[in-house]
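Keep the picture open while you read.

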Amino acid sequence: MPTPVSHVFIHHTETPDQCHNETACVEAVRSVQDFHMDGRHWNDIGYNYLIGGDDRIYEGRGWYTVGAHTLGMNSRSVAISLIGNYESVAPPKQMLDLVQKWVECAVEKGVVSGLYQLHGHRDQTCTSCPGQHLYDIIKSWNKEDLT
Ligand SMILES: [Zn+2]
């Protein structure tokens, strides 16, 4: 994928729901990967990275491989997905802190342009992703910190 890209997309997995330890989070990442590869017939998990409730970041396709996460934007963005469903609850603060650190790291590495725009999946296509609570939170970042 040509870098730097200027768009970052935030997703939630919806299912599986939140995981709270490494064993459960590894299993959650595998189940998403199985769904994307066997259910959707993609060649790998769709997201570039995922974040678990165990406060770890899991590598999906990594920084430099075009993902399958946001139709029409895959080759021009990177995406991270928070494991869980954030339609009616907010993610724990540690997960949100990790999202911000991950974005900072992407900028430092030159994968993402310093003038990037941060979006929720629903900004690009008709979906509830990344859930109302998570969406409201990232939109508040957008105004204050990210442009
Ligand atoms: Zn999504």
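First, a heads-up: what you're looking at is a predicted model. The protein chain has three helices and five strands.

How does the overall size fit with what you'd expect of a compact globule? For 147 residues, such a globule would have a radius of gyration near 15 Å, and the protein chain comes in at 14 Å, which agrees. Along its principal axes, the C-alpha trace spans about 35 × 30 × 30 Å. Buried residues account for 47% of the 147 residues. The chain exposes about 7300 Å², and carbon and sulfur atoms supply 49% of that.

Now think about who touches whom. Take the contacts between residues at least 6 apart in sequence: 66% of them join residues at least 24 apart.

There's also a label to know about. UniProt, in an unreviewed entry, places the feature "domain: Peptidoglycan recognition protein family" at residues 1-125. Over that stretch the chain is 27% helix and 23% strand, and the C-alpha atoms at its ends sit 22 Å apart.

Next, find the zinc ion. Which protein atoms are its donors? They are ND1 of His11, ND1 of His121 and SG of Cys129, lying 2.0 to 2.3 Å from the zinc ion. Written as a sequence pattern, the spacing of these donor residues is H-x109-H-x7-C. His11 lies in strand β1 (residues 5-12), while Cys129 is in the loop between β5 and α3 (132-144), so this pair ties together parts of the chain that are 118 residues apart in sequence. Are these two buried or exposed? Both His11 and Cys129 are buried.

Our last stop is His119, in strand β5 (residues 112-120). Its relative accessible area is 14%. Buried means under 20%, so His119 counts as buried. What does His119 touch? Leaving out residues up to four places away in sequence, His119 is in contact with His7, Val8, Phe9, Ile10, Ile138 and Lys139. With one of these, His7, there is also a polar contact: the two side chains are joined at 2.8 Å.

Methods
Residues are numbered from 1 along each chain as its sequence is written. This is a predicted model: local features need pLDDT of at least 70, side-chain atom pairs count only at pLDDT 80 or more; totals for chains, interfaces and linings use all residues. Side-chain values use heavy atoms; hydrogens and water are left out. Helices (H or I, at least four residues) and strands (E, at least two) are DSSP runs, numbered from the N terminus. Buried means under 20% relative accessible area, exposed over 50%, partly exposed in between (1.4 Å probe, protein chains only). A polar contact is a pair of N or O atoms within 3.5 Å; within protein, one must be able to donate a hydrogen and the other to accept it, and residues adjacent in sequence count only if both atoms are side-chain atoms. Contact means heavy atoms within 4.5 Å. UniProt positions are given in the numbering used here, feature names are shortened, and annotations may be inferred rather than shown by experiment. The radius of gyration is taken over C-alpha atoms; the globule rule is 2.2 Å times the number of residues to the power 0.38. Accessible areas come from the Shrake-Rupley method with a 1.4 Å probe; for residues, only the protein chains shown count as cover. Donors are N, O and S atoms within 2.8 Å of the metal (3.2 Å for Na, K and Ca); water is not among the atoms, so sites may look incomplete.
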